[in-house]
Amino acid sequence: MSGHCKLLVAVEDINDNPPEVVVTSLLSPVEENAGKGTVIALMTISDPDSGKNGAVHCRLIGSSPFKLQSSFQNYYSLLLDGVLDRENISEYNVTVLAEDEGSPPMSSKKLISISVADVNDNPPRFESPEKQAYLRENSEIGSLICTLSALDRDTGENAHVSYSITQSVVNDVPISSLFKINPLTGEIHSMRSFNYEENKTFQFKVQATDAGVPSLSSNITVNVFILDENDNSPVLLPPYSEHGSVNTENVPYAAETGHFVAKIRAIDADSGYNALLSYHISEPKGNNLFRIGTSNGEIRTKRKMSDSDLKTHPLVVLVSDSGEPSLSATVSIDVVIVENMGDIQTQFRHVPVKEDSFSALNFYLLIAIVAVSVIFLLSLICLIAVKCHRTDSSFSGYNPPMITTHPDGTWSYSKSAQQYDVCFSSDTLKSDVVVFPAPFPPADAELISINGGDTFQRTQTLPNKEKVRLESL
């Protein structure tokens with residue numbers, strides 16, 4: 001006989017299964033300007049164990065701008081909890097740790113890679129706000145002046161930089177006639193040959209612009225300095241400035257050592273060492289009578305004069321600069337030894353100078369002078385003619401007074417229709433003659449004083465004045 005029973009075996013769970021993390025959705029790459037709270041990934045967490053062995057908790061390992069948020073049982077969301085900057089960190093590796101409550105607990109990790117997408121949030125940057133560039137004068141057209149470089153921390157099209165000169169005029173001259181820039185490489189080339197003596201510096205602005213949308217840009221100030229070349233010879237100043245002339249300086253025979261003879265002065269349009277001048281006596285070689293200051297150009301005597309010295313000493317002074325290669329100018333001076341200071345005369349023998357051609361301005365000036373002279377002469381002739389005409393008219397209506405002598409020692413003065421009787425005494429050396437009017441219409445009496453002689457022997461014409469004073473010699 002047999003008996004039967006039902007045996008129920010209960011299997012007790014032990015924590016022998018780790019949690020499992022499954023990413024169901026992932027947003028990658030994430031734009032760096034994404035806002036806080038943006039959902040990056042969705043995950044599900046599962047654990048086949050039961051009870052506490054299947055109760056799972058999730059968290060992130062390490063620091064990151066992300067956080068986990070439980071959206072539903074065993075469902076989690078990975079959210080953005082900070083600010084992304086692709087230029088600092090372009091990719092994040094986020095580790096999710098899932099751990100159950102078993103004893104001992106079991107856990108698993110899930111690595112999620114998140115890339116950060118670039119946005120055009122960085123303008124091109126130059127190393128400094130100003131760029132110093134140097135170019136020698138007389139350089140060839142197209143010479144490279146400098147190369148500009150701007151860095152953009154963005155990537156792709158956002159980092160593609162182009163260059164342009166923003167100014168249109170520099171020193172009142174169009175920039176296109178002075179400089180050009182390669183928009184891709186940033187190389188600046190000259191468009192003409194420059195002269196240091198005319199222009200020493202140029203300043204303009206260059207703009208670097210990226211290809212982002214919207215585009216960003218920045219500027220840099222470029223200072224171009226023209227470097228001097230030794231292309232100007234020294235120029236002598238008066239009184240020794242005339243080219244080809246021979247100047248004469250006189251020195252007394254009794255001159256002491258160090259007597260001042262002459263001072264040569266010169267200037268150089270260059271600058272720096274190219275304009276540093278020195279003076280030397282080039283001829284005659286080994287001159288032992290005169291010396292010249294190397295820096296000041298003063299010619300002085302080295303010793304006293306002797307009878308064996310020549311009376312005339314032709315000197316050729318060389319003025320040279322310190323450039324490479326050195327440029328120079330010469331001046332000829334004849335130093336004449338004279339006995340007396342009163343004999344000193346400065347003479348200059350000049351070479352013939354070709355006169356300038358007769359210009360049109362001189363021609364017009366000559367015409368103007370001739371015209372003014374002709375007008376002046378005509379005016380003078382007319383004035384003289386008018387004066388002569390008036391004089392003739394006045395003489396035609398004028399009756400000169402007459403003085404008539406008589407046998408009895410008296411004489412009469414007649415003016416127009418008037419007659420005066422004059423009586424005088426010859427007893428004294430000086431006689432007073434009283435003029436009495438004749439029995440004619442009234443007239444003013446006149447007193448005539450005569451020194452010396454007794455009588456007039458001839459008829460004389462007296463000027464027509466109110467009072468007449470005669471003196472006989």
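**Cysteines, strands and a helix**

Modeller: Let's start with a cysteine. Cys146 is buried, with a relative accessible area of 9%. Keep in mind that this is a predicted model.

Colleague: And Cys5, is that buried or exposed?

Modeller: Cys5 is exposed, because its relative accessible area is 75% and the cut-off for exposed is over 50%.

Colleague: How many disulfides does the structure hold?

Modeller: The count is 0 disulfides.

Colleague: Which way do strand 3 and strand 6 run?

Modeller: They run antiparallel, joined by 5 bridges. Strand 3 spans residues 39–46. To see the pairing, find Thr44, which stands opposite Tyr75 of strand 6.

Colleague: How many bridges join strand 5 to strand 6?

Modeller: There are 6 bridges, and these two strands are antiparallel too. Strand 5 is residues 66–72. Look at Phe66: its bridge partner in strand 6 is Leu80.

Colleague: What sits between strand 5 and strand 6 in the hairpin?

Modeller: The hairpin has 2 residues between the strands. Check Asn74 there, which takes a positive phi near 65°.

Colleague: Let's jump along the chain. Where does UniProt place the "transmembrane region"?

Modeller: The UniProt entry, which is unreviewed, puts that feature at residues 363–386. In the model, this stretch is 100% helix and 0% strand. Its end C-alpha atoms are 35 Å apart.

Colleague: Which residues form the nonpolar patch on the surface?

Modeller: Leu366, Val370, Val374, Leu378 and Ile381 form it. Together they have about 450 Å² of accessible area.

Colleague: Pick Val374. Which helix does Val374 lie in?

Modeller: Val374 lies in helix 1, which spans residues 360–396. Val374 counts as partly exposed, because its relative accessible area is 42%, and that class lies between 20% and 50%.

Colleague: Last one. Where does Lys302 lie?

Modeller: Lys302 is in the loop between strand 26 (298–301) and strand 27 (312–320). Lys302 is partly exposed, at a relative accessible area of 38%.

Colleague: How far apart are Lys302 and Leu289?

Modeller: In sequence, Lys302 and Leu289 are 13 residues apart. In space, they are 5.2 Å apart, C-alpha to C-alpha.

Methods
Residues numbered from 1 in each chain as written. Predicted model: local features only at pLDDT ≥ 70, side-chain atom pairs only at ≥ 80, totals over all residues. Heavy atoms only, no water. UniProt positions renumbered as here; feature names shortened; annotations may be inferred. Helix = DSSP H or I, 4+ residues; strand = E, 2+ residues; numbered from the N terminus. Pairing = 2+ DSSP bridges. Disulfide = S-S within 2.5 Å. Buried < 20%, exposed > 50% of the residue type's maximum accessible area, 1.4 Å probe, protein only. Patch = residues over 30% accessible without salt bridge, like charges linked within 9 Å, V, L, I, M, F, W, Y side chains within 5 Å. Areas by Shrake-Rupley, 256 points an atom, 1.4 Å probe, with all protein chains shown as cover. Salt bridge = Lys/Arg side-chain N within 4 Å of Asp/Glu carboxyl O.
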